[in-house]
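The following exercises are to be worked through with the sequence and the structure at hand. Each task is followed by a solution in steps.

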Amino acid sequence: MDLATFKKDVWGREVILGASWDLLWLVTVAAFVIIAGHAIVMAVRRREPKPSSDGERIVRHRAADRIFHWVMAASVLVLLVTGVFPIIGIEFPWLTIHWISGLVLTAAVLFHIVRALFWQRLKCIWIRGRDFRELFDSSVKPGKYSIAQKAMHATVTVLVLLVIGSGLAMFAMIDTPWWDRSNSISEATLGWVFLVHGLSTLALIAVTALHIYFGLRPEKLFYTRSMISGWISKDELAANHDPERWSPGKSSS
Amino acid sequence: MSNYRHIGKDFLPPDIVGKVTGKAKYAEDFSVDGMVFARVYTSPMAHGRVTNIDTSAVAEMDGVVGILTADDLPPVEAPNAPILTNSPAYIGEPILAVAAVDEKTAEDALARIRVDIQPLPFTVDPLDSLVEGGPDAREEGNVYVRTPEGSGFRTVKWTREQIDEFRAGNEPTGVSVSEWSYGDLDQGFANAKVIIEEPFVTVGYAHMSMEPRTAMAYWQNGVCYVYGSAQSQSFMIPGLATLLGVEQKDVVLISENTGGGFGSKIGAYPMMALPAWFSKKIGRPVQLRITREQEYYIGSARVGFQGWIKVGFAANGRVTATDVFIVEDIGPNATGGDGSSAGEAVSIVYDPESMRFRGVPVLTNTTPRGAQRGPGQNQIAAIMAPIMDKAAKQLDVDRLEIRKINAAHNGTTANTDQEPVTSAYMKEALDMGAAMFDWPGKRNKPRRNGSKVVGLGIGQGYHSAGATGYDGLVRITPDGKIHLHSGVGNLGTYSYASTTRSAAEVLKCDWDNCVIHHGNTEANLPWSSYQAGSNTSFTHQRANYVAAMDAVNKLKEIAAATLGGNAADYDIADERVFRSGNPGQSMSYAQAAERAIELGGLYSGQTWPGDIHEVTQRAVQNLAGSGLIGVAKDNLPQEGVIPGFAVAFTEIELDLETGKYEILDYVGIAECGTVIHPQGLATQMKGGAVWGMGMAGHERHVYDPQNGLPANVGYHQCGVPTYLDIPANLRTGAVDLPDPQSPFGARGIGEPAMGCSVAAVTAAVADALDGHVFNRTPISVDMILNHVAGRPQSFKPLQTNNY
Amino acid sequence: MAVNPGLSRRRFIKAIIASSAAAAASNAGLRAAFAQDRPSGAVERLISLSINGRTRRVDVLPQETLAYTLRYKLGLTGTKIGCNRGECGACTVLIDDVTNYSCSTLTHSVRSRNVLTVEGLQDAGGQLHPVQQAFIDELAPQCGFCTPGQVMAAVGLLRANPQPSREEARQAMSGNLCRCGAYDNYLNGVMRAAGQGT
Amino acid sequence: MASFDVMPDMQLFQPAELADALNLADRYREDGWLLGGGQDTYGWLKDRAKSPQAMIDLNGVDELRGIRDIADGIEIGAVTTLIDVIEDARLQRDYSLLVSAAKRVASPQIRNVGTLGGNLVQDARCWYYRRGLDCYRAGGNICYADSPQGMNREHSLFGASRCVAVSPSDTATALVALEATMVARSLDGERLIPAGEFFVGPDTHITRMTSLKPGEILTAVRIPAKWAGKHFYFEKVADRNAWDFALVSIAAAMSLDNGVVTDARIVCGGVACTPYRLHDVERVVTGKSLSEDTAKELEGLASKGARPLNYNHFKLPLMENLVRRAMQS
């Protein structure tokens, strides 16, 4: 299966048109297989006792970060729906919604980057060599973020930056309230832009699916709760994290 | 002219029956055994260099017979148009050809061939190339100069300020490469009461003849038989021989009918030679019928103008001075010359007391340009008419009067060296037209009716209309038939036939007893002129006259030799030569032909005059001994400019709400000396009228400047006028006063017939809009709407090849 | 395939094969075999055409246009191809007395219909059709390339409306271009042929 | 890029039954080309700009042809030729708006074979698109017409989204004004589509001009009785008076109650990718009489919200003028 589709440019030369949307099915199936596989494994595994959510509450996500997360989540979902549905035959005027949510996503991401750079400890989400021990030795507990969460964050970071970058370039090809299209990008370059946008979108579809799946897993549900209400319990902390590596302050409650 | 027997009478052109029955054969209608069909691959890029041609995908294709590329052909040096090229300079330039058992297979093959082209800078607007730092249409330069000292490419640039000044409507200060003048220009403007100064644009457009030029060719014992679409017949041979790299005697051109020329098929052109080269390569007859789109590409187009003109008028309307500057859009192949022709037209039609012309022919990567019906004369006619009216208004002179006071007459002098004219009766033409049109009456009619406004226009057209020095050939055979050999092409004017009638007139013979030979080199045709520049009628009336006179002299000499006495004692009548005063002592043309064969020598073509062209010599050689041969070169005296004039009066109704106008009435008057073929003249005047209406309101090249793409490659997009875009009736007339330098007084008319029309219409539009001059052709619906609504036009000043 | 009235899957498939085979193969036996019962309307290649009153058997590709068949298969070159786009009218012929652009008509769509081209206008004695004669009298043709189409358009008009007004004629002829601009002469010819000499 | 003009190899089906046609349409989907009069077909195919596997000629299907009275108004089969529409006495009497529009289509030869359905679903005339370029409408990722230097005189003023081509159909404007319903059939059954929704813009579907889905066949057009014999006005302004497309056209249907407009549907062609309804004009004109004064009140309404391109702003005054003429008709 090809990664890209091709077209002729204005002078009849072959150039890239964009990502091959046959990949959409590949991606969907792949995501489904991984999720199903994981679910089965987890089902047969013996359940660990679920740590209690009562007692002392510890702040995991500040309001600003939670808002950022959900804004980003919403815009990504809207972008996926408006971007992909027309391709699978569900037709509606999608472009305007698409580029507006694209701008929302861009703003959110900028906000997050600035905040992360100047107000937060970058390295708590940075993957480091020793994190890998988590994978083999269940006694090794992570700091604030597990290696899985760090990996997810890293992947999303890369993909979203690619989508945003290519997406912004595409503004040269459409009219907006602020400017008219310029057709200034050569068709060959444009092809690459569309290809990057398409491929990173396809990857995002899979990653998003996994992210949602893990967020809904019973043993991980408290993380989702923390992304909504901000806190986790002392037990949850003890069961999943190494106090040496992450000892957050108590919540005011 | 009733004292003539044939001149001035209608007749049945022998080819017309074939035209209404479908039996008339055009190049594409011939087919021979083993013939294969070619298709050409044309450049998708406005300017580039072919880096690779990959034909591997077609090598094994069933039915594909061969591929021809530029590498199979002798190199051609620019600006001459190559047959096939590896360095295309316009979209649509032929790069390769494929031959196959049928057209579909050839196209299937084309679809699989890969051609890689490296793009080069290109331009579709001369001013974009003329400005400093602008792209050049060719690597050799952006201007082509033709001077007596020598011709060649040059790179000419103006500063951005100079371009902006020009666009702003001011006198161009950039360099020009051609210039001529006469009289004292400054004095002329000093004497002027009113001076009109205008920038102007005439956008070029495609010829779009009905027949997409087709050619079929094969070789037989070293002789190449070409079935082509040609505007001329004999005149094509030298050029064709050069294109094929053979001697003239080894080329046979069959061109019985031609589906329109209008200047696009004057000389031998590359596409005509392609099948011959292809046939040489694959050893089979090859037919090439190009597509309509390709006819747009290579069928040539009118040169576009971006200019500035300043005209001074004395109080009585007399033109005291004219200063013209023209930037010519000459396409990629350095044709043109329209600019200077425009200047010459002004110098004779309005006869300014002083004048200057300056011009720059700039190359663009648009379709190749060529002569198109009134090349230069008609563009300037369209621009001048409203300017004359503007002056008339300011001087409070009648629009007809201002034309009459400047009208060309027998004393008019023309061009830079102010030559005399052979004759000119523009004033008479204006009077005749005004009467037919009822100028005074129409002028006083109410002008406004709801959203509709009436506009009246007077147009004047001119083109030089004659040449000399070509050959005539007539032959009388023992069966008494008079054979009129015509090397004139058949592009629809019937001049190939009408000009031979002067031979019949001289020979005092019955038309039904005449046989015209034409349309095939093997029919032994004399050397003839280019069927262009409206020259055929004048030129070949003379050539046929001298040939017929030669025959008459030979008849008399033969009679004297046979019946006694001197040739001078003899006269001719009723196809007999008899002794004056003793009609009994006579012999028939048939008997004279018999004797001519017996006598041989000059009489029956064993020998011939030394000054006739080799084409004619071969014809005579082949005819030797078949009868009495009358052959001669036209050495009749000729001096001065031979003018063809036409004037038109038109009434339009312009709808201010839709921007559309309807042409209600049209009167076209020819001033081309004696009328030799009334019906033929009328059709020329009407056809010219339609062309003028197309140029005035519809037709133009449109190119996308970013990608160099042509917008209008088809009939609909080109805006060729339909039945419903012209008046339901067209009226014509002719002054019919003989020209002294033509045996029967005729001059040509084809091109002026159009110039007067486009001029009348542009003037009428200006009249309907209270004298607003667009200084542009075509004047399209959008321009009128924007003007009426007080909106700016969409194009920037002097922009060309645009909507 | 869902509900499939009037056409069973078997018949349908067969038709498909038939057509592709017919399009590809030129084997007469094959074609004959597919001649009968073609429910979905796949076309055979060897067909009979009624041209100028004569029945002609001719091998026609499924996608072939009438102009192409006339000129290249039947040698009727009177019909001209000026644009091959239905924009100029040079290829105009009459199909059941109605003017058509033959460059934009599939030959297969004129089976069992009467095609009249410019070659079919003269009567048995070679007498010119009144329109042809009128066009000669008015010196209507110039280069003549559009003339066959103009003739057929005029004949079509006069069959539908023997006494047209000049305006009606102008409208009826408006699908035929003449680059020489002989419109006025052609109109005069039409009126003359209609017995309303100019 | 070669220039072609011979029909390439292709299958042809000439079904006699609608059922067979529907099966073929369903079988071939995007690879099948439904053939009416074919006047907007052969150019595409000869140019090889579109390459279907098969042509499905609908002219043999009798039930798709003809004009018949129905309970509420009149029904016109999709392959009814334009000349039959023009010459039909009932249409001339009750729905002359459609007749006037059909009369202005292309040329006599094209009206002789061109079908109503074909005229409605004909493709955009944008010259870049017709050139066979891979633009948005051709499934590409760029529009050449709407660029800083694009030659877009014929292009759209309203509703453009990436593609700026306009709806070229003359009959479409008339049928939207007449509140027609399009009848579409597929193997899944029948779909009734109001004319207003039948034509879709590039914002929704950039490679199609109608809401017809692959496998669907437009079988008929129904015009409701409510507009029978009402006051109509049609005008088309094109560069040429034959064989040309509207720069701007207007189709107006108005019910008058002694001179006062009680209901109006006014549609412009050539200004948007679909027939463009002048809702504001309709609203304001309702309750007023057709007059110079009404026309004055409407000034500026028709072209409100227009987004002119480089070369097409002349269409604004033209729209305004045509509305004025409709009001004075």
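**Exercise 1. The interface of chain C and chain D**

Solution. 

Step 1. Between chain C and chain D there are 15 residue pairs in polar contact, both residues having pLDDT 80 or more; the model is a predicted one.

Step 2. Identify the elements of chain C that take part. Helix 1 (9-24), strand 4 (98-101) and helix 6 (166-172) of chain C each contribute at least two residues to the side that touches chain D. The largest share, 6 residues, is that of helix 1 of chain C.

Step 3. Sort this side of chain C by class: 20 residues are nonpolar, 21 are polar and 3 are charged.

Step 4. Search for salt bridges. The rule finds 1 salt bridge across the interface of chain C and chain D. R85(C) and D47(D) form a salt bridge through their side chains, with N to O at 2.2 Å.

Step 5. Consider the extent of the contact. Chain C provides 44 residues and chain D provides 37 residues. About 3100 Å² is buried between the two chains, and carbon and sulfur atoms give 53% of this area. On the side of chain C, Q63(C), R85(C) and L106(C) lose the most area to chain D, together 20% of what that side buries.

**Exercise 2. The interface of chain C and chain B**

Solution. 

Step 1. Of the 5 pairs of chains that touch, chains B and C have the most contacts between them. By contrast, chain A and chain C do not touch, and their nearest C-alpha atoms are 21 Å apart.

Step 2. Count the residues and the area. In this interface, 52 residues of chain C are in contact with 59 residues of chain B. The buried area is about 4500 Å², with 58% from carbon and sulfur atoms. L139(C), R170(C) and R179(C) supply 21% of the area that chain C buries against chain B, more than any other three residues.

Step 3. Examine the polar links. There are 5 salt bridges between chain C and chain B. One of them joins K80(C) to D29(B), whose closest N and O atoms are 2.3 Å apart. Polar contacts link 29 residue pairs.

Step 4. Assign the side of chain C that touches chain B to its elements. Helix 7 of chain C gives the largest share, 6 residues. By class, this side has 25 nonpolar, 17 polar and 10 charged residues.

**Exercise 3. The interior of chain B**

Task: Is G688(B) buried or exposed, and which residues lie at the centre of contacts in the largest nonpolar core?

Solution. 

Step 1. G688(B) belongs to helix 20 (residues 678-697) of chain B. G688(B) has a relative accessible area of 0%, so it is buried, the cut-off being under 20%.

Step 2. List the contacts of G688(B) beyond its neighbours within four places in sequence: R373(B), A753(B), M754(B) and S757(B).

Step 3. Turn to the largest nonpolar core, which has 226 residues; L274(B), L507(B) and V765(B) have the most contacts inside it. Helix 22 (residues 752-768) of chain B gives the most to this core, 9 residues.

Step 4. Beyond four places in sequence, V765(B) is in contact with residues including I652(B), Y661(B) and F774(B). A second, separate core of 60 residues includes V349(B) and Y462(B).

Definitions and conventions. Residues numbered from 1 in each chain as written. Chains lettered and ligands numbered in written order. Predicted model: local features only at pLDDT ≥ 70, side-chain atom pairs only at ≥ 80, totals over all residues. Heavy atoms only, no water. Contact = heavy atoms within 4.5 Å. Buried area = accessible area lost by both parts, 1.4 Å probe. Salt bridge = Lys/Arg side-chain N within 4 Å of Asp/Glu carboxyl O. Polar contact = N/O pair within 3.5 Å; in protein donor to acceptor, adjacent residues only side chain to side chain. Helix = DSSP H or I, 4+ residues; strand = E, 2+ residues; numbered from the N terminus. Nonpolar A, V, L, I, M, F, W, Y, C, P; charged D, E, K, R; others polar. Buried < 20%, exposed > 50% of the residue type's maximum accessible area, 1.4 Å probe, protein only. Core = buried A, V, L, I, M, F, W, Y, C linked by side-chain atoms within 4.5 Å.
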